[in-house]
Amino acid sequence: YVVSGNYAKPLVLFVHGSPGSLSAFIHFLADTILLDDALLVTADRPGFGYSNFGNAEPSLKKQAALLKPILERYQHNRPIILVGHSLGGPLISRMAIDYPELVDGLIIVAGSIDPELEPNETWFRAPLATPFLSWLLPRSIRASNEEIYQLKPQLEELLPLWKQIKCPSTIIHGTKDSLVPAGNAAFAQRMLVNVPPVVQLAEGVDHFIPWSHPELIRAAIVNMLQQPAAVVSGN
């Protein structure tokens with residue numbers, strides 16, 4: 001992972017989608033608006049970048065456990081805000097469920113969180129996940145295929161657990177997202193029952209918000225940082 005910003009300020013951890021790497025959010029680490037007010041961290045998820053490249057970890061619970069040491073290292077930089085794009089969305093949600101004492105706020109960007117909205121792609125993902133064919137794929141695509149192929153059961157496992165999330169959340173989703181349907185935002189509204197999320201539907205925007213509309217994510221971070229500490233931590 002890469003760190004930038006003010007070591008005395010709240011932590012913002014960026015979690016990329018699939019495929020991807022910490023570079024997906026690297027431009028935020030040079031954001032002059034955020035640098036003075038937060039400690040900014042972007043990390044390679046398991047199977048990507050420098051984190052065991054090409055060898056996916058489909059379990060969201062295990063991925064959450066592997067990212068936990070970052071939260072523990074900076075656990076005094078409160079509030080701790082997690083930003084997750086695409087598959088990073090359900091992962092940061094899992095982190096908030098498993099480690100509520102280490103997560104004070106969530107920003108889910110184009111998150112794949114509703115199992116009913118996952119596309120039925122097993123007809124081609126299943127064969128590509130077999131040892132016989134997986135070696136033909138570039139390593140990043142191989143890791144991506146393996147975790148996306150197994151994402152729906154991971155999301156189904158989360159269904160009874162969403163009610164455990166008690167920190168504030170912001171949902172950002174583009175209305176023209178052809179990869180992850182905007183209906184995922186409505187799912188978040190239904191499932192986050194303890195603290196109703198702030199939902200922002202970006203009209204005409206596609207799936208690639210971190211690159212095409214970074215200002216939406218920046219504004220959500222700034223807004224969460226400006227909230228009273230007790231509100232952000234969900235207390």
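Q: How many residues of S6 are buried?
A: Six of the six, so S6 is largely enclosed by the rest of the structure. Buried means under 20% relative accessible area, with exposed over 50% and partly exposed in between (1.4 Å probe, protein chains only). This is a predicted model, where local features need pLDDT of at least 70, side-chain atom pairs count only at pLDDT 80 or more, and totals for chains, interfaces and linings use all residues. Residues are numbered from 1 along each chain as its sequence is written, and side-chain values use heavy atoms, leaving out hydrogens and water.

Q: Which residues of S6 lie on each side?
A: In a regular strand the side chains alternate between the two faces of the sheet. Here Ser-169, Ile-171 and His-173 are on one side of S6, with Thr-170, Ile-172 and Gly-174 on the other; both faces are covered. S5 has both faces covered too: Gly-105, Ile-107 and Val-109 are buried on one side, Leu-106 and Ile-108 on the other.

Q: In what order do the strands form the sheet?
A: Strands of a sheet pair through backbone hydrogen bonds, either parallel or antiparallel. Two strands pair if DSSP finds at least two bridges between them; strands (E, at least two residues) and helices (H or I, at least four) are DSSP runs numbered from the N terminus. In this model, seven strands make an open, mixed sheet in the order S1-S3-S2-S4-S5-S6-S7. S1 (2-5) and S7 (198-202) stand at the edges with a single partner strand each, so one side of each has no neighbour in the sheet.

Q: Where does helix H3 lie?
A: H3 (residues 88-98) lies across S2 (11-15), S4 (80-85) and S5 (105-109), at about 150° to S4. Axes are lines fitted to C-alpha atoms, for helices over the stretch in contact (heavy atoms within 4.5 Å), and angles run from 0 to 180 degrees between N-to-C directions.

Q: What handedness does the unit of S4, H3 and S5 have?
A: This β-α-β unit is right-handed: with the strands pointing away from the viewer, the path from the first strand over the helix to the second runs clockwise.
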